[in-house]
Amino acid sequence: MIRLEGISRTFRVGAEPVHALVQVSEEIAAGEHLAIMGPSGSGKSTLLHILGCLDRPDEGRYELLGRDVARLDETELSLVRRHTIGFVFQFFHLVPRLTAIENVELPMLFAGVEPEERRERARRRLDAVGLSPRADHRPDQLSGGERQRVALARATVLDPKLLLADEPTGNLDTHSGRQVLALLEEMNAAGLTLVVVTHDPAVARRARRILVLQDGRIVHRGSGERIGDALAVLQAAEDEERAG
Amino acid sequence: MSARDLLLFAARALRGHRLRSGLSLLGVAIGVAAVIALTALGEGARRYVVSQFSQIGTNLLIVLPGRTETSGGMPGFGGVPNDLTLADAEAVVRAVPEIDRAAPLVMGSETVAWGERQRQVALVGGTHEMLEVRRLALARGRFLPETPWDRGAAVAVLGQTLARELFPGTDPVGEVVRIGDWRMRVVGVLAPRGMQLGIDMDDVAVVPVATAMKMLNRRSLFRLLLQVRGHADIDRAREQVRRVLVERHGEEDVTVIAQDAVLSAFSSILGALTMALGGIAAISLAVAGVGIMNVMLVAVSERTREIGLLLALGAGRRQILAAFLAEAILLSTAGGLLGLAAGWGAVRGLVALFPALPAAPPAWAVAAALALSVAVGALFGVLPARRATRLDPVAALAGR
């Protein structure tokens with residue numbers, strides 16, 4: 001489903017070039033559950049943004065569902081984001097003035113879905129994350145776990161093929177985190193490709209595959225079952241970071 | 001994204017900041033209200049002048065002694081080489097066939113007394129024809145008798161107010177009043193007329209022109225009003241009148257003006273004034289536009305994360321541009337409608353305070369004010385909206 005070939009991304013911070021990604025190549029199959037780990041500044045967020053077509057690589061080739069998305073123009077990219085990709089963020093990113101159901105309707109608003117159909121689909125999606133009773137609450141009236149579930153409903157309301165989650169449980173207590181994780185796995189089991197960036201070993205453990213990044217390079221490829229190996233690599237990387 | 005969804009989304013965003021939205025909306029409202037009220041005032045002044053002029057009759061030529069270019073002395077009040085005499089007036093009427101009626105006028109001020117009561121009023125020397133030419137009407141009795149102009153008579157016609165003040169509860173017709181040192185018999189009373197070109201026609205005494213010239217010791221007429229048969233004859237008649245008088249005086253020492261020309265000159269001057277007032281008021285709309293731009297810039301920087309989110313959800317940059325532009329236009333249009341209501345209220349208040357002034361905003365001003373308010377939103381909304389669309393999605397999501 002996804003093929004990355006020699007992806008590089010360099011930012012310029014002042015006069016210093018920062019190599020966020022260096023020659024990253026990877027393949028992600030449809031229906032996979034992949035976790036990306038790494039110390040802060042290792043490039044894992046940049047990788048997620050490139051996967052989500054929010055950022056473009058400076059070098060390399062990104063094929064999504066057989067299309068070279070690096071060559072698409074702005075309008076085509078927004079269509080890819082709208083119909084192929086769903087995003088979940090650490091800080092939920094709900095629009096504060098809109099109710100839960102209106103937040104879920106938002107992607108359909110820009111996709112031009114008719115109001116009645118919009119309302120119906122949003123309601124079904126909220127029902128699927130167990131939040132129908134909270135449909136008319138605004139985000140500030142919802143708990144953190146509920147907010148993330150609304151965001152999850154919103155990310156999947158247009159039936160994307162790929163769900164990208166950036167620290168989805170990073171701001172939640174253990175119980176809420178488990179609920180959100182269960183929902184993500186449920187969706188993954190139904191065929192949605194899931195890529196999660198996380199610090200949390202409890203989240204990474206559930207993934208079928210784990211990538212560990214350091215200084216913009218993939219330094220470890222493992223599996224959720226053998227998370228110990230990944231954690232050892234991660235620990236070494238973080239020690240190295242601290243040392244210098 | 002449908003237009004309806006776009007507007008609802010924009011309205012929702014504006015409701016999130018009621019005070020801020022309301023204040024910038026108020027700016028536009030004040031601008032539009034100012035345009036409406038000021039143009040209504042100008043238009044009211046124009047209508048007032050036009051109605052004043054048409055009251056004194058149409059197709060009128062006005063002859064006044066003295067060239068307007070003549071230096072030294074006010075035209076019509078001495079300092080003029082030759083007098084404009086009754087003989088001049090008669091000569092003009094004889095020589096110019098286009099003239100239907102003529103009314104030579106003398107004006108002055110005199111005390112009118114009856115018994116113990118006396119009152120200082122404007123004394124008008126006129127002729128029988130004056131009734132028609134100045135569109136006057138009688139409440140009682142007759143007007144001045146139809147006699148040769150140079151023959152005086154000891155008769156007077158009183159204005160409505162003068163008659164009421166001197167003869168409370170009595171019919172003045174047939175009574176003898178003293179005007180200055182003269183004794184005059186009242187033959188008629190004018191119907192109420194009100195102000196006519198600066199003279200209160202209800203507070204006058206009208207006597208035959210030859211008598212008035214003797215009473216006031218004048219040798220020259222104040223005005224000679226000439227009613228021309230048809231509108232098409234005005235220019236020709238005017239030229240002939242001028243030629244006759246130049247011939248008689250040996251030099252060009254009178255001014256002949258067509259009342260229509262004066263009227264249209266006044267009308268166009270006041271029309272221009274109205275436009276100028278509207279233009280000045282429109283400047284406040286531009287100021288209001290800057291206010292809207294400011295509010296929208298704040299909105300864009302406040303909602304940076306939201307814009308990042310919308311981009312991540314697959315909103316196109318054109319849609320984001322449209323959403324923010326719709327917000328600005330909605331704001332300014334709502335302000336425009338509010339201003340329209342406020343302006344209308346102000347005009348109503350003005351009319352209630354000054355009933356004589358027919359104040360009403362011209363249709364073009366209402367249309368222009370509304371169109372301008374929409375345009376202000378579109379124009380001053382573009383810059384903030386474009387700023388919103390230029391955001392980098394990753395940076396915007398991080399709130400940068």
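Predicted model: local features only at pLDDT ≥ 70, side-chain atom pairs only at ≥ 80, totals over all residues.
Local features are given at pLDDT of at least 70 and side-chain atom pairs at pLDDT 80 or more, while totals for chains, interfaces and linings use all residues. Residues are numbered from 1 along each chain as its sequence is written, chains are lettered from A and ligands numbered from 1 in the order in which they are written, and side-chain values use heavy atoms, with hydrogens and water left out.

**View 1. The contact between chain B and chain A.** Counting as contact any heavy atoms within 4.5 Å, the interface takes 23 residues from chain B and 24 residues from chain A. Together the two chains bury about 2,200 Å², with 62% of it on carbon and sulfur atoms; buried area is the accessible area (1.4 Å probe) that two parts lose on being put together, summed over both.

View 2. Four salt bridges are found between chain B and chain A, a salt bridge being a side-chain nitrogen of Lys or Arg within 4 Å of a carboxyl oxygen of Asp or Glu. One of them joins R12(B) to E102(A), whose closest N and O atoms are 2.6 Å apart. The elements α1 (3–15), α9 (304–312), α10 (317–353) and α12 (393–397) of chain B each supply at least two residues of the side that touches chain A, and the largest share, six residues, comes from α9(B). Helices here are DSSP runs of H or I with at least four residues, and strands are runs of E with at least two, numbered from the N terminus.

**View 3. An open sheet in chain A.** Four strands lie in the order β2-β1-β4-β5 with antiparallel pairing, where two strands pair if DSSP finds at least two bridges between them. The edge strands, each pairing on one side only, are β2 (16–28) and β5 (67–68) of chain A. Strand β1 (residues 2–13) of chain A pairs with β2(A) over nine bridges, and R3(A) stands opposite E27(A) in β2(A). Five bridges join β1(A) to strand β4 (residues 59–64) of chain A, with R61(A) in β4(A) as the bridge partner of E5(A).

**View 4. The hairpin of β4(A) and β5(A).** These antiparallel strands are joined by two bridges, and L64(A) stands opposite R67(A) in β5(A). The hairpin has two residues between the strands, and L65(A) takes a positive phi near 50°.
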